[in-house]
Amino acid sequence: MNVLDEIIIRSAGTDPHSGSLQTAELSMRCALGGTGISLEKREGDGATPAGRYPFRRCFFRGDRIARPDTVLPITQIGALDGWSDDPMDPDYNCFVRFPEDGPRDYSAERLWRDDRIYDLIVVIGHNDDPPVPGAGSAIFMHLARPDFSATEGCVALCLKDLLSVVARIGPETIIDIRD
């Protein structure tokens, strides 16, 4: 299967969090951030950042899903894995590990979740080269909730669609998020 050059994400419908994913071959429903797509992404604003970004890597819960077929670097999630969302953290907007014996010194989002939305994660290269504190963190493509409710700023798809996308993207694929 050929790797896609580009994936386009657009608002769809009247709810700001309703979106669509389009390629030359695919058309899929997706959920976006609760405040829609924004050109001025800030930490905690609930917006999906507009722009053109590469895909960096995948994470998956091996106890819940099989290792997906992808050419992206892929890592199985562990119970102590997280993603820093604290602008004061030197590791802001990076993969981090929680200590076994207590909390981190800085805030981070746990990747090991009960609600299943992070059973498969694709890291979108937003604000990571280098990270600018406060400009948004943990922007992923991940699993949608059953009702496709709003994300915190990510792009969310049903499992079947996300697996299909993951099999067709690579480090050279661009996600173009348009308002």
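**Rings, charges and strands**

Modeller: Let us begin with a charge and a ring: the charged end of Arg61 sits over the ring of Trp112, 3.4 Å from its centre, where sitting over a ring requires NZ of Lys or CZ of Arg within 6 Å of the ring centre and within 35 degrees of the ring normal. The ring of Phe148 likewise has the charged end of Arg29 over it, 4.0 Å from its centre. This is a predicted model, in which local features need pLDDT of at least 70 and side-chain atom pairs count only at pLDDT 80 or more, while totals for chains, interfaces and linings use all residues. Residues are numbered from 1 along each chain as its sequence is written, and side-chain values use heavy atoms, with hydrogens and water left out.

Biologist: How many aromatic pairs does the structure hold?

Modeller: Rings of Phe, Tyr and Trp (its six-membered ring) pair if their centres lie within 6.5 Å, and planes under 30 degrees apart count as stacked, over 60 as edge-to-face and the rest as tilted. The structure holds 4 such pairs. Phe59 and Phe95 are stacked, at 5.4 Å centre to centre with 10° between the planes. Phe59 lies in strand E6 (residues 51-60) and Phe95 in strand E9 (residues 95-97), so this pair ties together parts that are 36 residues apart in sequence; strands (E, at least two residues) and helices (H or I, at least four) are DSSP runs, numbered from the N terminus.

Biologist: Is Phe59 buried or exposed?

Modeller: Buried means under 20% relative accessible area, exposed over 50%, and partly exposed in between (1.4 Å probe, protein chains only). Phe59 is buried at 1%, whereas Phe95 is partly exposed at 33%. The rings of Trp83 and Phe140 have centres 5.3 Å apart and planes at 85°, so this pair is edge-to-face. It links Trp83 in strand E8 (residues 81-84) with Phe140 in strand E12 (residues 140-143), 57 residues apart. Trp83 is buried at 7%, and Phe140 is buried at 1%. Ring pairs link Phe59, Trp83, Phe95, Tyr118 and Phe140 into a cluster.

Biologist: What is the order of the strands in the open sheet?

Modeller: Strands of a sheet pair through backbone hydrogen bonds, either parallel or antiparallel. Here the order is E9-E8-E10, with antiparallel pairing, and two strands pair if DSSP finds at least two bridges between them. The edge strands, E9 and E10 (108-110), each pair on one side only. E8 and E10 pair over 3 bridges, and Gly82 stands opposite Arg110 in E10.
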